[in-house]
Amino acid sequence: MNQEYITVSHLSKKFARKEVLKDVNAILHRGEILGFLGPSGAGKTTTIKILTGQLKPDSGTVRILGTDCSRIDESLYEQIGIVTDTSGVYERMTVYDNLKYFARLLGAPLSSIDPLLKRIGLEEQKKQPAGKLSKGQTQRLILARAILHRPKILFLDEPTSGLDPTTALEVHRLLLELKEEGMAIFLTTHNMEEATKLCDHVALLNEGVIVEYGTPEEICLKYNQVKRYRVQLKGGVRHTLTHSPENAGKISHWLEENEIETIHSCEPTLETVFLEVTGRELQ
Ligand SMILES: Nc1ncnc2c1ncn2[C@@H]1O[C@H](COP(=O)(O)OP(=O)(O)OP(=O)(O)O)[C@@H](O)[C@H]1O
Ligand SMILES: [Mg+2]
């Protein structure tokens with residue numbers, strides 16, 4: 001059995017009288033990516049803050065690497081990496097010196113900096129002041145800093161929001177590599193395509209409640225009750241057909257007559273599931 005790195009049980013949190021997390025349960029194993037997916041205000045950042053010891057839960061328990069989150073200390077911080085939208089860089093220091101500073105703080109060998117710069121594609125910017133980096137480059141530097149000490153768990157709060165598609169893809173590739181190396185990644189996102197691509201499990205969070213939890217595929221298939229097929233015929237005519245003996249006959253006939261240009265099943269995406277469960281858009 002794969003090691004359980006994070007166990008969240010019956011976690012609840014209120015701000016004043018407003019309940020922002022209600023009975024949240026989740027598990028993250030070594031070498032897995034768990035995504036908390038939900039619209040603005042759903043409680044994603046609050047969850048990360050509680051998991052990383054920055055906020056106290058009102059009830060429930062959170063265990064990280066065997067330690068209760070209320071007892072997170074320096075030795076635990078050495079085993080986790082955190083990237084949030086408030087993570088900054090020292091703008092006047094060079095890219096290299098930013099990493100050197102954190103390597104010293106975290107007890108990581110300085111020899112790990114150059115290979116890491118290469119890996120995240122910031123080799124050429126090594127001697128530039130961090131303040132002169134583009135947004136995507138800054139984001140990669142912040143990510144590099146969070147993985148410099150090879151943490152067991154990486155927390156990412158919307159790691160690709162605002163990045164161009166190419167940089168976002170590079171970040172995705174890096175995250176999948178880190179996962180292959182055994183790192184456990186807890187990420188939040190609005191982006192259901194990102195979640196589908198990266199996450200082993202996702203929690204769909206709406207107003208502090210997990211409304212669905214499972215692998216992206218499991219969740220989508222659960223909501224695939226009415227099976228539908230989209231067919232485009234060679235003449236350009238398009239049909240969307242629900243599963244029925246009559247339509248099966250039609251499709252079979254078209255296949256036999258070689259009339260089909262394209263045919264697709266229309267299973268739901270995480271976005272459509274979310275909309276169905278909550279009546280709310282994700283973005
Ligand atoms: N320190 C705080 N004091 C009072 N209310 C707060 C505080 N932090 C968050 N909230 C409220 O808790 C709810 C959840 O906020 P949270 O930041 O966790 O949402 P989120 O899912 O991260 O949203 P976003 O996608 O916009 O980042 C919101 O209604 C927010 O206004
Ligand atoms: Mg947030």
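**Exercise 1. Find how far apart the mean positions of the positive and negative charges of the protein are.**

Solution. Place each charge at NZ of Lys, CZ of Arg, CG of Asp or CD of Glu. This gives 35 positive and 38 negative charges. Their mean positions lie 7 Å apart.

The model is predicted: local features need pLDDT of at least 70, side-chain atom pairs need 80 or more, and totals for chains, interfaces and linings use all residues. Residues are numbered from 1 along each chain as its sequence is written, chains are lettered from A and ligands numbered from 1 in written order, and side-chain values use heavy atoms, without hydrogens and water.

**Exercise 2. State what share of the protein's residues is buried.**

Solution. Call a residue buried under 20% relative accessible area (1.4 Å probe, protein chains only). Of 283 residues, 47% qualify.

**Exercise 3. Describe the largest nonpolar core.**

Solution. Collect buried Ala, Val, Leu, Ile, Met, Phe, Trp, Tyr and Cys residues joined through side-chain atoms within 4.5 Å. The largest such core holds 47 residues. L154, L175 and L270 have the most contacts inside it. Helix α5 (residues 135-147; helices are DSSP runs of H or I, at least four residues) gives the most, six residues. A separate core has 27 residues, including I50 and I210.

**Exercise 4. List contacts of L154 beyond four places in sequence.**

Solution. Contact means heavy atoms within 4.5 Å. Among the partners of L154 are G81, L143, L175, M183 and F186.

Definitions and conventions: Buried means under 20% relative accessible area, exposed over 50%, partly exposed in between (1.4 Å probe, protein chains only). Lys and Arg count as positive and Asp and Glu as negative; His and the chain ends are not counted. Helices (H or I, at least four residues) and strands (E, at least two) are DSSP runs, numbered from the N terminus.
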